[in-house]
Amino acid sequence: MTHKTKLLTSTVLAMGLAGSAMAQDVPAGASDDVLKIGLVYTLSGPPAALGEQARDGFMLFAEKIGEIGGMETEIIVVDDEGRPDLAADKARELVQRDEVDFVVGPIFSNILMAIHQPVTSTGTVLISTNAGTSTLAGEGCTPNFFVTSYQNDQIHEVMGAYAENQGYQNVFLMTPNYQAGKDSQAGFKHSYTGGTAGEIYTELGQLDFSSELAQIAAFQPDAVFTFMPGGMGVNLVKQYSQAGLTSIPFLSAFTVDETTLPATQDAALGLLGGANWAPDMENEANETFVTEYIAKYEHVPGTYAMQAYDAAQLIDSAVRKVGGDLTDRAALMAAIKEADFDSPRGDFSFGPNNFPIQDFYLVEAVKREDGYFGTSIVEKIFDDYADNYADQCEM
């Protein structure tokens, strides 16, 4: 389903495929008086909570400010349904038929790889608020592709560093079999030098982990490291507890967070994760963001929401800097690169590959004073940390 939104007014559009378009220096939408933004997120199926948080985070800022960049703003929200082929078609529609100035999203790396070329080849700016594949951080970097999240490896590097600091020598690794899952294990092993009890790639979308949990019980590793976002993470955490494996430290990324904790609740308490932010960070921008998000949506925001909120802030700051003139592409790219906004995560800047330089933390699942479940910062692991692929990027 595709939704066209003029901020507070929503209507449902009919679907239709646009024809092929020639690459151009200035996207067709750039000369319009209306700022057009397309959001591409997974909004159906087990991972829907992730896309919903991202959409809601972006819309929180958009609706608060009214006009992004001081311009009349039209936002088109599309559901990629977790299908790369469909996502590519919808991305083409956004840039060719709807003539958007910015495409924002997606959640998953396989979707990002599907929409990257259809969007960036037209000169349209693509801002990823979650997926950050190594291929696009290094040799595949492009001037009109920006990331407000991280490079995929980095969150996992946090947990590798923690495992290294704990002296673990025998860790069981389990991630889904797609690019982000591969980046996850690579990231963990970048900062972990110990041995592994097993390295498993599961089917993307898998919900029954009985076979893998039996292997963990048999191997009795020092710890388990996993990356299972959305419904995969919910089921894994519950089954891990039910299998009586909680004596084995559970280290994760995007598995125990604000998208899964409402479902896992007590089963996840005390489990550790890596993050670039947590809702309890103490700074004015974060307190405003979290308070307004909870008031509007009645649940705690996760990183997906925060990173999309920052994408909205990024677009607003850049468009204001160029006075709404989106035809000067060099000036627009320079304005985006400045990242002149206050992120709820604190320190934020772009590296030479348009990926963030930021801090990273060890976080723990807790029950908050307001009764909600969320994550809380335990300690900072990396300070002003750039990814490992930036030096391969030649813009």
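Begin by selecting A339, which sits in the loop between α12 and β13 (349–350); helices (H or I, at least four residues) and strands (E, at least two) are DSSP runs numbered from the N terminus. The phi of A339 is near 50 degrees, a positive value in a residue other than glycine. With a relative accessibility of 8%, A339 counts as buried, where buried means under 20% relative accessible area, exposed over 50% and partly exposed in between, for a 1.4 Å probe and protein chains only.

Before moving on, note that this is a predicted model, in which local features need pLDDT of at least 70 and side-chain atom pairs count only at pLDDT 80 or more, whereas totals for chains, interfaces and linings use all residues. Residues are numbered from 1 along each chain as its sequence is written, and side-chain values use heavy atoms, with hydrogens and water left out.

Colour the model by pLDDT, the predictor's confidence in each residue, from 0 to 100. The protein averages a pLDDT of 92, and 92% of the residues score at least 70. Over residues 8–24 pLDDT stays under 50, and for this stretch the model has 32 contacts beyond four places in sequence, a contact being heavy atoms within 4.5 Å.

Next select residues 35–366, which UniProt, in an unreviewed entry, lists for "domain: Leucine-binding protein"; UniProt positions are given in the numbering used here, feature names are shortened, and annotations may be inferred rather than shown by experiment. The end C-alpha atoms of this span lie 40 Å apart, and the span is 43% helix and 19% strand.

Within helix α12 (residues 329–338), pick L332, which counts as buried at 1% relative accessibility. Leaving aside neighbours within four places in sequence, L332 is in contact with F102, V125, A318, V322 and L326. N144 is 188 residues away from L332 in sequence, yet their C-alpha atoms are 9.6 Å apart in space.

Go on to F146 in strand β7 (residues 145–147), a buried residue with a relative accessible area of 1%. Beyond four places in sequence, the contacts of F146 include V125, L126, I127 and S128, as well as M333, I336 and K337.

Then display Q154 in helix α5 (residues 152–166), buried with a relative accessible area of 0%. Apart from neighbours within four places in sequence, Q154 is in contact with F360, Y385, A386 and D387.

Two backbone features come next. Most residues other than glycine have a negative phi, and most peptide bonds are trans. A cis peptide bond, with omega about 5 degrees, joins G105 and P106, and P106 is found in the loop between β5 (102–104) and α3 (109–120). F254, in the loop between β11 (250–252) and α9 (261–264), has a positive phi near 60 degrees and counts as buried at 9% relative accessibility.

Finish with helix α1 (residues 48–65) and helix α10 (residues 284–297), whose axes come within 11 Å and cross at roughly 105 degrees; axes are lines fitted to C-alpha atoms, for helices over the stretch in contact, and angles run from 0 to 180 degrees between N-to-C directions. The two helices, α1 and α10, are therefore roughly perpendicular to each other, given that angles under 35 degrees count as roughly parallel, over 145 as roughly antiparallel, 65 to 115 as roughly perpendicular and the rest as oblique. Residues making the contact include Q53, D56 and M59 of α1 and F289, E292 and Y293 of α10.
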